[in-house]
Amino acid sequence: MKSATALDDRRIYDRILEVCVPVQFKGQNFREVNRKANMQKAIEVLGG
């Protein structure tokens, strides 16, 4: 967010960072895991 180049983006991000504390999450992305599982199920159902 701090490295945004567009002026509009920088202004928006500056406002967000004024009232929010950024938190970095490490670990596996469960949405990606779910997406892959759903894709595999779709392939099996569709006979691919």
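A residue is termed buried when its relative accessible area is under 20%, exposed when that area is over 50%, and partly exposed in between (1.4 Å probe, protein chains only). By this criterion, buried residues account for 2% of the 48 residues in the protein chain. The structure is a predicted model, in which local features need pLDDT of at least 70 and side-chain atom pairs count only at pLDDT 80 or more, while totals for chains, interfaces and linings use all residues. Residues are numbered from 1 along each chain as its sequence is written, and side-chain values use heavy atoms, with hydrogens and water left out.

The protein chain contains 2 helices and 0 strands, assigned as DSSP runs numbered from the N terminus (helices: H or I, at least four residues; strands: E, at least two). Its C-alpha atoms fill a box of roughly 50 × 25 × 15 Å along the principal axes.

Helix 1 spans residues 7–19 and includes Ile12. Ile12 counts as partly exposed because its relative accessibility is 45%. The loop between helix 1 and helix 2 (30–46) contains Pro22. With a relative accessibility of 62%, Pro22 is therefore classed as exposed. Pro22 and Thr5 lie 17 residues apart along the chain, and their C-alpha atoms are separated by 19 Å.
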